[in-house]
Amino acid sequence: MKDMGRILLGHEAFDELVIGNTAIARAMVESGVRVVTSYPGSPTPEIAEAIRSMPADERPMYFEFSTNEKVATEVAFGAALNGRLSVVFFKSVGLNVAADSFVQLPLMDIPGGMVVLLGDDPGANSSQNEQDNRHYARMSYCPLFEPSGAADAYRMFKKAAALARELRTVVILRMTTHVCHAKEKIHFDSWNPAPPDDEPLFDPDYTNYIPLAATVFPMKRRALERLAAIEARLPSLGFDELVDNGNGQRGVIVAGLPFASVMDVLDDVALGGNTPGNEPSGARRPDVLRLGAVYPFDRAAVRSFLQTHDEVKIVEELDPILEGDIKALAFDAGLRCRITGKRDIDETMGECSPAKARAVLAAAWPDLFPAAAIPSAAPVGAIGSVAAAIAALPPRPAQMCPGCGHRSAFHAIKKALASGDITIADIGCHTLGSLPPYNMGRVLLSMGHATSTAAGLSVFNDTRRAVCFMGDSTFFHAGLPGIVNAVYNGHRVLLVVMQNGTTAMTGHQDHPGTGRNFSGDAGKISIRAALEGLGVSNIREVDAYQQAALTAMTREALEEPGFKVIIATHPCMLKFIREARRKPGWSARRVRIDQETCERIHECVEHFACPTFQREADGTVTVNPDLCIGDLSCRQTCPAAAIVPESPARSAT
Amino acid sequence: MREHFDIYMSGVGGQGIGLLAELLARAADHAGLAVHGCDTHGLAQRGGMVTSHLRLGAVRSPLVPDGGADLVVSLERTEAMRAAMTMLKTGGTLVWYDAAWQALDVRTGQHPPLEAADVMAAAKAKGAATWRVLVDDLPDSRMQNVAVVAEILRRGLVPGLGRAQVEAAMADLMAGAALEANLALLH
């Protein structure tokens, strides 16, 4: 079995099949990165997994999961002030949390150099939006580079980190979901570690670090001059790539993963030309200018590309940022090249997959591709056309796992609510409670918003009670200010802290309430004690599996004035079962439906809706043995008491 | 597009699509094929639809185009049907393990349960060769992914991929009793 941690610390050059996130971890090693911080969020957590795989005593860097992205940014900044090359990484929307500190970084002189590694999420695969973080680069004057694949990310990280260190500044490496997770065989260079120099170098006399009124302007000037200096060096940095197909008429400008999409679909241009009878009129592959440096971009190279092509199509994922800048450049230079960018709203949405790149290019140049084969409209069964058949398939959104304590909690809390009561979701696995059949938590903004949004919903509202949900990791991440506010301003809100003892949705990372940090044991911060310290006097605690007790205490709490908290605790059962399976003597437990007793009420399958329960065509309910973990949280939900442990009977977990 | 072979994998979070994808990718690498791929991460473990893309040959993007998969490998009935209809190319091949993890709409009675014949009909509409896998005495349901890999080898469904490469890939990824059990399943 390959030991990825040892491989990543190898001194010799090697080739390995890895995803982009793993490649980044090796790039950090080779670059001499000394401090890495993060808050877990898809698509980036596998970077931490790769770091964790390295033997702790040989790991060349310090790593921590900080309490949120802003804190992580500040820790990395502080380390870089002392001369340590530092990296902070997080998901797209993490930059919003970090923004208050992040936007100041380009104003600073950072001796160690710093890389902000972003996992943007075009297509909103696992985020609440698909925001284009290139906007942040522009507003803060922070250089931004954009790899187009896993191997490219590895090479680009090393150049970007070296540049940041040399210029004593911060740079962004903007990856996207399918760059982070792109898998390919990468050639890794050798690594010749030098003994680290950990001398604390912070020197407030060397330059000013306090942006205050007039002192802001020299700092801003320095940031802008640095951008110009970086732009001047771009040709030698080799971030960009010109694909010369000898086409003086048509060119494409593209950046990031869409470069791979464009290159793949342009292969079809030649194929079409080679297919007898299927030859498009005069189609030739356009030339392609791929920008790896997106902010600043190499204006001289772009100007030259515009000058040597009659038409240039900008294929840009998400927002028309390059488009605006390139059109302005052409206008200022008086160029006659016809530049086209986004045609409609759809071109501003979603990932630029090969299919989308093809559609975008075909819309710009209808003769580019051979007439595509018309998708078969053959009937499937009795359902009709293929499209109708696909639409008729039952969707399969993510759902809470078998045995999830959140399911029990939602099932119990729902019984205590009146029809008009308002439930507010937050971010985490419990967001899945917003889906049918639970419909618990009907509005979502961001990490930690729930208490304050609930507070607003309670103003001028004495009839519809506000109940909000929050996970334990989110509680520490961004939940505290809203709670303080609810106490301070006396909002009539019930907060249910859904405590599962981990950061579950992103892959079971520890948080301040678990008693462990990335490096080992740590002081456990009790949520109850934290609440009490913040002045919350009305606190109840219950195991989320104790549904009758939870229903009763929800009813009580909703009658009480002011701010109330219920801490509903049950360990994440996905994590629990995974760990239990590894222990000696473990044996699987399950429930079964006693068909003699079952009255086909369907409470288990329709309302409690653990995915374990399956409904046969005749209305019989069965248990899927692949899914059931025998946690017994379902047993109390059956009015006919037909859910029984499979013999030999065992007690609940 | 240049010569390549596209594989699209699908199933439900928790079925082991990630291991399936890594196994096939590493086996292809051992066979000397150029490999590009991409898995679903994040929400994947939470019982939703999970997919993985694997492209063998001279391509750049890790994403299999819609309707472009030479081979669809699925671990679940509904997801096999969905993938066959959306991702399989006309005249491609579908190999699937016939586990049925009902989607919510089926469990709540809004949609009738799918039958294996529905999957066959969907594949037939694409003119696809179809291989259904179901092992009665599988020691652990988490080995359904390897049962499908065994079928892929038995039928020679991935050009250039043989038993030796899959075994080497397994040895890269597992050890001890798990390795032995999965190797045994391959034979």
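I count two residues as in contact if their C-beta atoms, placed from the backbone, lie within 7 Å. This is a predicted model, where local features need pLDDT of at least 70, side-chain atom pairs count only at pLDDT 80 or more, and totals for chains, interfaces and linings use all residues. Residues are numbered from 1 along each chain as its sequence is written, with chains lettered from A and ligands numbered from 1 in the order in which they are written.

**Entry 1: chain B against chain A**

I looked up the contact: chain B puts in 57 residues and chain A 57 residues. For elements I use DSSP runs numbered from the N terminus, with helices being H or I of at least four residues and strands E of at least two. On the side of chain B that touches chain A, the elements giving two or more residues are H1 (17-30), S2 (35-39), H2 (77-86), H3 (104-107), H4 (116-125) and H6 (163-173) of chain B. By class I get 27 nonpolar, 18 polar and 12 charged residues there. My classes: Ala, Val, Leu, Ile, Met, Phe, Trp, Tyr, Cys and Pro are nonpolar, Asp, Glu, Lys and Arg charged, and the others, Gly among them, polar.

Next I checked strand pairing, which takes at least two DSSP bridges between two strands. S8 (182-188) of chain A runs antiparallel to S2(B), joined by three bridges. Ala182(A) has Cys38(B) as its bridge partner.

**Entry 2: domains of chain A**

The assignment (bounds come from an automatic or database domain assignment) gives domain 1 (4-237), domain 2 (241-364), domain 3 (405-577) and domain 4 (588-645). Over C-alpha atoms, the centres of domains 3 and 4 of chain A are 28 Å apart. Their contact takes eight residues from domain 3 and 10 residues from domain 4. On the domain 3 side, H15 (405-416) and H20 (573-581) of chain A give two or more residues, and H15(A) gives the most, with three. I sorted that side into four nonpolar, three polar and one charged.

**Entry 3: a sheet in chain A**

I found an open sheet of five strands, ordered S15-S16-S17-S21-S20 with parallel pairing. S15 (422-424) and S20 (539-543) of chain A are its edges, each pairing on one side only. S20(A) pairs with S21 (563-569) of chain A over five bridges, in the parallel sense; one link is Arg540(A) to Ile566(A).

H15(A) turns up again, lying across S16 (466-471), S17 (493-499) and S21 of chain A, at about 155 degrees to S17(A).

Technical notes
Axes fitted to C-alpha atoms, helices over the stretch in contact; angles between N-to-C directions.
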